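Here are my notes on the model, as promised. Have a look at the fold first, then go through the points in order.

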Amino acid sequence: MLSMKSKSIRMLTLVALLVASVMPVFAQRGEKTFGIRGSYVSRNTSASAGLYMTYRFSGLFRLAPSADYVFRHDGSDAFSVNLDTHYTFNLGIRSKVSVYPMVGLGYWAWNTHDSGNAAGVRSDDDTDDVTTRITRLSLNMGAGIEWKLTSSFRLGFEAKYALMKDRPTAVVGISVGYCF
């Protein structure tokens, strides 16, 4: 019969092996990624396009600033700047696939555009088509998955929820980035 000490050592060894199996193998401290992305934004049911960058502070933790433009649909468009953090996990040893939960902050500038008078006609002296501009800070929460296609290129899929006053928004997108 195994002693309590022996059972504890075996349990700790098992836990250590499980944790090691999800540790990043290819992630290096100081690794940077720069890329483009396209997304669907639920607030105005439109597409967005943007740029992003990541900087890895450790094997698991990285910072991900981004800027996106949400295209006009139904008289509304937006610009957002976000600073998210990712906590990445490989899906197995030597895996080129990793997943990450994310949390961060965002700044959104939503524009509502006037289509003119009741007939939809704009006057000639009206050059500014932005009727209302609303800015909001957001708390971002979500998750993503990424595939390391080569040593230099990554393909990613991300979904997040931007919680903000009067304008909560879900964003689902795909990205491609260059790692250096």
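1. Starting at the N terminus, the elements run α-β-β-β-β-β-β-β-β-β, so one helix and nine strands in the chain, where helices (H or I, at least four residues) and strands (E, at least two) are DSSP runs numbered from the N terminus. Keep in mind that this is a predicted model: local features need pLDDT of at least 70, side-chain atom pairs count only at pLDDT 80 or more, and totals for chains, interfaces and linings use all residues. Residues are numbered from 1 along each chain as its sequence is written, and side-chain values use heavy atoms, with hydrogens and water left out.

2. On the chain as a whole: of its 180 residues, 36% count as buried (buried is under 20% relative accessible area, exposed over 50%, partly exposed in between, with a 1.4 Å probe and protein chains only). Take the contacts (heavy atoms within 4.5 Å) between residues at least 6 apart in sequence: 54% of them join residues at least 24 apart.

3. Now the pairing, which calls for at least two DSSP bridges between two strands. β3 and β4 run antiparallel to each other over 11 bridges, with arginine 62 opposite histidine 86 in β4. Their hairpin has two residues between the strands, and aspartate 74 there takes a positive phi near 55°.

4. Strand β4 (residues 76-87) also pairs with β6 (residues 97-113), again in the antiparallel sense and over 11 bridges. Leucine 83 faces leucine 105 of β6 in this pairing.

5. How many cavities of 30 Å³ or more does the structure hold? Two. The search uses a 1 Å grid over the protein atoms alone: a cavity is a set of points where a 1.4 Å probe fits but cannot get out, and lining residues have an atom within 4 Å of a point. Grid points are joined across faces, edges and corners, and a volume is the space filled by probe spheres set on the points.

6. The largest cavity has a volume of about 280 Å³. Of the 27 residues lining it, Arg37, Tyr52, Tyr100, Glu158 and Ser175 lie nearest its centre. At least two lining residues come from each of β1 (32-41), β2, β3 (61-73), β4, β7 (130-148), β8 (153-163) and β9 (169-179), and β8 gives the most, with seven. By class, the lining of the largest cavity splits into 11 nonpolar, nine polar and seven charged residues (Ala, Val, Leu, Ile, Met, Phe, Trp, Tyr, Cys and Pro count as nonpolar, Asp, Glu, Lys and Arg as charged, and the others, Gly among them, as polar).

7. The second largest cavity holds about 60 Å³ of space. Its lining includes Arg37, Ser48, Asp68, Asn82 and Lys160, and β1, β3 and β4 each supply at least two of the lining residues. Four of the lining residues are nonpolar, three polar and three charged.

8. Is serine 48 buried or exposed? Serine 48 is buried, at a relative accessible area of 6%. Placed in strand β2 (residues 46-56), serine 48 touches Arg37, Gly38, Ser39, Val41, Tyr69, Val70 and Phe71, leaving out residues up to four places away in sequence. Serine 58, in the loop between β2 and β3, is partly exposed at 30%. The C-alpha atoms of serine 58 and tyrosine 87 are 9.7 Å apart, with 29 residues separating the two along the chain.

9. Last, the largest nonpolar core: eight residues, namely Val41, Val70, Ala78, Trp108, Trp110, Ala162, Met164 and Val171. Such a core is a set of buried Ala, Val, Leu, Ile, Met, Phe, Trp, Tyr and Cys residues joined through side-chain atoms within 4.5 Å. Beyond its neighbours within four places in sequence, valine 171 contacts Ser39, Tyr40, Val41, Trp108, Glu158, Ala159 and Lys160.

Methods
On a 1 Å grid over the protein atoms alone, a cavity is a set of points where a 1.4 Å probe fits but cannot get out, and a pocket is an open set with protein on both sides within 12 Å along at least five of seven lines; lining residues have an atom within 4 Å of a point.
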